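Q: I would like to learn how to read the features of a protein model, one at a time. Could we go through them together, with the general idea before each case?

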Amino acid sequence: MTPSTTTSAPITPLKPTHKRVAQHLVDGHTAQDIATRTGLSPHTVRQYIRDIRVSVHCPPRCKPQVLVHLLLAAEQVTPPTPERTAPELDSEQLELLKAVAKYSAPRDIALAAKIAPADLRSALDELLDETGAADVTQLVVLAHAWRLLDVRPTGTAESGADQ
């Protein structure tokens, strides 16, 4: 079983400029895209993303979908309104969805989802097809919009992202 890191340290509310950058992350944009769209320098955008990670207690090396999950779970940004209804996911798919939102390393995702690491890619591809998501970050955003992932009370963060 993979332990998660839990902290009860309060989530630091994002400053307006950080919130705008965070919303771009939720919208699926890369740091370079955000710099182009906002007119900020790439260096400034990268610094803002580091600040955002600190604010929601997200380790520096976690995958974008984990950061987006923490931002949405802490209600630091607003999930988009879904354009379609939530698909009917079985319990294994829901478990995989939660693991993808929480962990960065493929092995940890597989362990948390209780599937063989060799089967992870095909299970993820099936889940992406079922939900219509283009990638795992969009999958996490849609899952929040559909209320398939828990929103934690503001002020706490739990993350296995550094595993």
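This is a predicted model: local features need pLDDT of at least 70, side-chain atom pairs count only at pLDDT 80 or more; totals for chains, interfaces and linings use all residues.

Q: Which residues touch the most other members of the largest nonpolar core?

A: The general idea is that in soluble globular proteins, nonpolar side chains tend to be buried together. A nonpolar core is here a set of buried Ala, Val, Leu, Ile, Met, Phe, Trp, Tyr and Cys residues joined through side-chain atoms within 4.5 Å, and buried means under 20% relative accessible area, whereas exposed means over 50% and partly exposed lies in between (1.4 Å probe, protein chains only). In this structure the largest such core has 45 residues, and L67, L71 and L96 touch the most other members. Helices α1, α2 (31–38), α3, α4, α5, α6, α7 and α8 each supply at least two residues of this core; helices (H or I, at least four residues) and strands (E, at least two) are DSSP runs, numbered from the N terminus.

Q: Is α4 largely enclosed or largely open, and how many of its residues are buried?

A: Nine of the ten residues of α4 are buried, so this helix is largely enclosed by the rest of the structure. The buried residues are Q65, V66, L67, V68, H69, L70, L71, L72 and A73.

Q: How does the span of helix α5 compare with the expected one?

A: The expected span of a helix is 1.5 Å times one less than its number of residues. Helix α5 (residues 91–102) has twelve residues and reaches 17 Å from its first C-alpha to its last, which is close to the expected 16 Å. Within α5, the residues Q93, L96, L97, A99, V100 and A101 are buried, and the buried residues of this helix pack against α4, α6, α7 and α8. At the start of α5, a side-chain oxygen of D90 comes to within 3.1 Å of the backbone nitrogen of E92.

Q: How many disulfides does the structure hold?

A: A disulfide is a covalent bond between the sulfur atoms of two cysteines, and the cut-off used here is a pair of cysteine sulfur atoms within 2.5 Å. The structure holds one disulfide, which joins C58 to C62 with a distance of 2.4 Å from S to S. The torsion about this S-S bond is about 80 degrees, so the disulfide is right-handed, and both C58 and C62 are buried.

Q: What is the phi of H57, and where does this residue lie?

A: Most residues other than glycine have a negative phi, and most peptide bonds are trans. H57, however, has a positive phi near 60 degrees, and its place is in the loop between α3 (42–55) and α4 (64–73).

Q: How many salt bridges are found in the whole structure?

A: A salt bridge is a side-chain nitrogen of Lys or Arg within 4 Å of a carboxyl oxygen of Asp or Glu, and a search of the whole structure finds two. In one, K114 pairs with E95, the closest N and O atoms being 2.8 Å apart. K114 lies in the loop between α6 and α7 and E95 in helix α5, so the pair ties together parts that are 19 residues apart in sequence. K114 is exposed, with a relative accessible area of 67%, whereas E95 is partly exposed at 27%. In the other, the side chains of R121 and D125 meet at 2.9 Å, N to O, and these two residues, four apart in helix α7, are separated by about one helical turn. R121 is partly exposed at 48% relative accessibility, and D125 is partly exposed at 34%.

Terms used: Residues are numbered from 1 along each chain as its sequence is written. Side-chain values use heavy atoms; hydrogens and water are left out. Contact means heavy atoms within 4.5 Å. A polar contact is a pair of N or O atoms within 3.5 Å; within protein, one must be able to donate a hydrogen and the other to accept it, and residues adjacent in sequence count only if both atoms are side-chain atoms.
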